[in-house]
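Subject: Handover of a structural model

Dear colleague,

Please find the structure below, together with its sequence. I would be grateful if you could read the notes that follow with the model open.

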Amino acid sequence: MQSSFSQEQVLFREIVSNTLRELSPMDSVRGHLDSALGYDPEVWRRLTSESDLAGTHIPETLGGAGLGDVELGIVAEEMGRTLYTGPFFSSAAMAGTALIEAPEGPLRDETLGRIASGELLATLVTGDLADLSSIEGLRIDAAGALRGEAPLVVDAARADRWIVLAEDQGEAVLVAVDRGAEGVVETRRQSLDPTRRLGRLRFDGAVCAPVGPLDRTSLERLSDRLCVALAHEMIGGARQLLESTVEYTKQRVQFGRPIGSFQGLKHRCADLLMELELAAAVVHHAARVLDGAGGDAWTPSLAKAMASDVYIECAKAGIQLRGGIGFTWEDDTHLWYKRAKSSEVLFGAAHVHRERAIQRMEAAQ
């Protein structure tokens, strides 16, 4: 297993980290939770036009940086640390990665170029967000129109263009539907996590533009890439939670001494750190596997499962070790806890990915 980073990747992480900490501190995140967009458009403009983060893994020929899943993971991890609420994950990671897996074509290339520049916001729409390889729920009818319902769509209300994974005569295809198209009913859904907005889309004969087919291999790879990107985001959130919790235990005094000096709390934090570092190593290795460094096909699913578990454990500890203030609205910990719970089931829960990893292990024997 290889989980170390090159000097260029370390520098890239430092730049992304410093940029996000400057442009998206927690008071800014909180300040936009109840706004119409849920994020600061000026911050998004700077992240795309000045830092080119939206095009991290998009080919250079289409206006992106042409980097890989490792660098996409670095960006996602740092955004997880700062709990960034902008449309990076839905537009760049989800829709962008789906389009990269599709065959080259005018609409696909034009959309990717506009996603990379930040000019266009998109999101991936599927019938089942828990199973990205499924094409049930959305279909192309005999007239070429889109029908069906997507019960959960990340950032549905923000997207200018919905990239829809649908079934056409038994085959998986990607189609594009622009906001304002007839035959689309959009409903905002209440979510446990206020930092990641969800919606419902129903298509009743909506006009759509074909992007291209996705074979089974492309579907599986799309699922792996999104799971690994999300796992990076979860590792970033878990690390921020653990670091802030340890710092809190050094400051809170009980019985005349910092609670962090109590042996029981030391053991709890040490156990969490070991779990976190092990999960992070697997997640980082999974990104290298996707970038073609070689490795086992089951690694992406294992990465998602382990990241889910450690994020939840760090979130629980963050609330418990803060005692009376850990669950209050004024403390930021509950926002990471809610993100941890929503991310746990996004793209499939931990037990689903463990089963998937086992199936791939057995198939490789």
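The notes below cover conventions, helix packing and a number of individual residues.

**Conventions**

This is a predicted model, in which local features need pLDDT of at least 70 and side-chain atom pairs count only at pLDDT 80 or more, while totals for chains, interfaces and linings use all residues. Residues are numbered from 1 along each chain as its sequence is written, and side-chain values use heavy atoms, with hydrogens and water left out.

Helices (H or I, at least four residues) and strands (E, at least two) are DSSP runs, numbered from the N terminus. Contact means heavy atoms within 4.5 Å.

Two packed helices are described by the angle between their axes and the distance between the axes. Axes here are lines fitted to C-alpha atoms, for helices over the stretch in contact, and angles run from 0 to 180 degrees between N-to-C directions.

Helix 5 (residues 88-101) packs with helix 6 (residues 106-117) at an angle of about 155°, and their axes are 10 Å apart. Helix 5 is therefore roughly antiparallel to helix 6 (angles under 35 degrees count as roughly parallel, over 145 as roughly antiparallel, 65 to 115 as roughly perpendicular and the rest as oblique). The crossing of these two helices is left-handed, a term used if the near helix is turned anticlockwise from the far one by less than a right angle, with right-handed used if clockwise. On the helix 5 side, S91, A92, A95, G96, L99 and I100 take part; they meet R108, T111, L112 and I115 in helix 6. By class, the residues of this contact are six nonpolar, three polar and one charged (Ala, Val, Leu, Ile, Met, Phe, Trp, Tyr, Cys and Pro count as nonpolar, Asp, Glu, Lys and Arg as charged, and the others, Gly among them, as polar).

Helix 5 also packs with helix 7 (residues 216-251), at an angle of about 155° and with the axes 9 Å apart. Helix 5 and helix 7 are therefore roughly antiparallel to each other, and their crossing is right-handed. The contact brings F89, A93, M94, T97, A98, I100 and E101 of helix 5 to S218, R221, L222, R225, L226, A229, L230 and E233 of helix 7. Nine nonpolar, two polar and four charged residues make up the contact of helix 5 with helix 7.

T123 belongs to strand 1 (residues 122-125) and is buried, with a relative accessible area of 0%. Buried means under 20% relative accessible area, exposed over 50%, and partly exposed in between (1.4 Å probe, protein chains only). The side chain of T123 reaches the backbone oxygen of V154 at 2.7 Å. Not counting residues up to four places away in sequence, T123 touches several residues, including S90, A95, V154, D155 and W162.

D155 lies in the loop between strand 3 (146-154) and strand 4 (161-168) and counts as buried at 6% relative accessibility. Its phi is near 55°, a positive value in a residue other than glycine. Most residues other than glycine have a negative phi.

G86, in the loop between helix 4 (69-82) and helix 5, is likewise buried, at 10% relative accessibility. Leaving aside neighbours within four places in sequence, G86 is in contact with Y39, D155 and R158. G86 and L47 are 39 residues apart in sequence and 9.9 Å apart in space, C-alpha to C-alpha.

**Other residues**

F255 is in the loop between strand 9 (253-254) and strand 10 (257-258). Phi of F255 is near 55°, a positive value in a residue other than glycine, and F255 is exposed, with a relative accessible area of 74%.

D331 is in the loop between helix 9 (299-320) and helix 10 (333-345), where it is buried, at a relative accessible area of 15%. The side chains of D331 and T333 are joined by a polar contact of 2.3 Å. A polar contact is a pair of N or O atoms within 3.5 Å; within protein, one must be able to donate a hydrogen and the other to accept it, and residues adjacent in sequence count only if both atoms are side-chain atoms.

Q9, in helix 1 (residues 7-23), is buried at 13% relative accessibility. Its side chain makes a polar contact with the side chain of E71 (3.1 Å).

With kind regards
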